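The following report describes a two-chain model for a computational reader. Please examine the sequence and the structure shown below before reading on.

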Amino acid sequence: MTVYAIPAAGWVLILAVLLIVLALVYYLVSTIFALRKITTGLDEVIGSVTEIVQKSAPVNDVVNAINKDLDAGVDMLEALLVKKAGLVDAVGLVDGLYPGAAAAGFRNFPESTKVDAPRISEVYTKGTLTLARLGREAPIAIGNPAGPALRNVTAASLSAKVLYSDVRHTGPERLPRSPVIGTDSPVQYEQREDVGQPRKRMPARNP
Amino acid sequence: MTLLWIGDALLIVVVLPIVIYLLNATLKAAQSIVPSVRSITATAAAGSKDLDAAALLLTTQDQVSRTVAGVADYGGSLDVIVDDAEVVS
């Protein structure tokens, strides 16, 4: 067996190569573990993203169907309001409820944007205003998170009564009596002297 | 022999530090991705959980359809009982 003598420089060379190999092994193995963690995490992300895609797939169709139904409802209410109140008064009603809304006008009545909205809220009754309000605030679900519905679909009559200050719908035990009128009423007023007398003549106008 | 010593010196002084520097940079870059992937995983899972309520849209659609039908009936009745506006000529 022949044994070759290795010089000191050779041992140093072997040591250097060994160090390089050890460094390669340490860092590459650490990198492999880090990449495995990344791969595992990305697999979970892919699973969650797939769920998101599956769950959101029908949303577009459903929302479009809801918008279609709501558009039909809004079109019907706008047309009814314009038909019953007239375009000018309808714009005034909406603007009275929602100041500034007259500028937007009605969707199916482009000429409504050019209407000078009258101050209509002082003329129409509360009931009419309520009807106009229903067109824009009607709840689309019974479980409205904003609170009790303004108009209950299943009990519309009582809901409408609640809108008024009258207390008769609450069924109180005693209501204020109606005023008594006539000659034997408890409250008598003095008779006016001019009642039954000839009508006073106004002075003649000068031409 | 001298060349061998020079090669050793180059290997230890130049090659080994460069190799370690490059491998360390690669390892740090790979490790820096891990927290980001974890946060993306948590966000995606939360997003998927939030979309569990999307199925309720079908109920909303049904409610909207019935509400609009009720409003249409209501409007039809109003159309009958309330006079139309007078046309101002």
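What share of the 89 residues in chain B do buried residues make up? Buried residues account for 7% of that chain, where a residue is buried if 20 or more other C-beta atoms lie within 10 Å of its own, exposed if 12 or fewer, and partly exposed in between, with C-beta atoms placed from the backbone.

## Basis and confidence

This is a predicted model, in which local features need pLDDT of at least 70 and side-chain atom pairs count only at pLDDT 80 or more, while totals for chains, interfaces and linings use all residues. Residues are numbered from 1 along each chain as its sequence is written, and chains are lettered from A and ligands numbered from 1 in the order in which they are written.

The model scores ipTM 0.72 and pTM 0.52. The predictor's confidence in each residue is given by pLDDT, from 0 to 100. Chain B averages 88, and 96% of its residues score at least 70. Chain A averages 77, with 70% of the residues scoring at least 70. Within chain A, confidence is highest in helix 1, at 93, and lowest in helix 5 (residues 156–162), at a mean of 57. Over residues 139–145 of chain A the pLDDT is below 50, and this stretch has eleven contacts in the model beyond near neighbours in sequence; two residues are in contact if their C-beta atoms, placed from the backbone, lie within 7 Å. Where pLDDT is low, the predicted coordinates should not be read in detail.

## Secondary structure

Helices (H or I, at least four residues) and strands (E, at least two) are DSSP runs, numbered from the N terminus. Chain A has five helices and zero strands; from the N terminus on, its elements run α-α-α-α-α. Chain B has two helices and zero strands.

Buried residues make up 14% of the 207 residues in chain A. Among contacts in chain A between residues at least 6 apart in sequence, 51% join residues at least 24 apart.

## The interface between the chains

The contact between the chains takes 48 residues from chain A and 47 residues from chain B. On the chain A side, the elements that give two or more residues are helix 1 (8–56) and helix 2. Helix 1 of chain A supplies the largest share, 27 residues. By class, the chain A side has 32 nonpolar, eight polar and eight charged residues; Ala, Val, Leu, Ile, Met, Phe, Trp, Tyr, Cys and Pro count as nonpolar, Asp, Glu, Lys and Arg as charged, and the others, Gly among them, as polar.

B:Leu23 lies in helix 1 (residues 2–50) of chain B. Not counting residues up to four places away in sequence, B:Leu23 touches A:Ala23, A:Leu24, A:Tyr27 and A:Leu28. B:Leu23 is partly exposed because 18 other C-beta atoms lie within 10 Å.

## Helix 2 of chain B

Helix 2 of chain B (residues 56–81) has 26 residues and reaches 37 Å from its first C-alpha to its last, close to the 38 Å expected at 1.5 Å a residue; the expected span is 1.5 Å times one less than the number of residues. Its buried residues are B:Val64, B:Thr67, B:Val68, B:Val71 and B:Gly75, and they pack against helix 2 (59–85) of chain A.

B:Val68 counts as buried because it has 22 C-beta neighbours inside 10 Å. Leaving aside neighbours within four places in sequence, B:Val68 is in contact with A:Asp69, A:Leu70, A:Ala72 and A:Gly73.

## The largest nonpolar core

A nonpolar core is a set of buried Ala, Val, Leu, Ile, Met, Phe, Trp, Tyr and Cys residues joined through C-beta atoms within 7 Å. The largest nonpolar core has 15 residues, of which A:Leu81, A:Val82, A:Ala85, A:Ala90, A:Val91 and A:Val94 touch the most other members. Helix 2 and helix 3 of chain A, together with helix 2 of chain B, are the elements that give two or more residues to this core. Helix 2 of chain A provides the largest share, five residues.

Helix 3 of chain A (residues 87–97) is mostly covered, with eight of its eleven residues buried. These are A:Asp89, A:Ala90, A:Val91, A:Gly92, A:Leu93, A:Val94, A:Asp95 and A:Gly96. Leaving aside neighbours within four places in sequence, A:Ala90 is in contact with A:Leu81, A:Val82 and A:Ala85.
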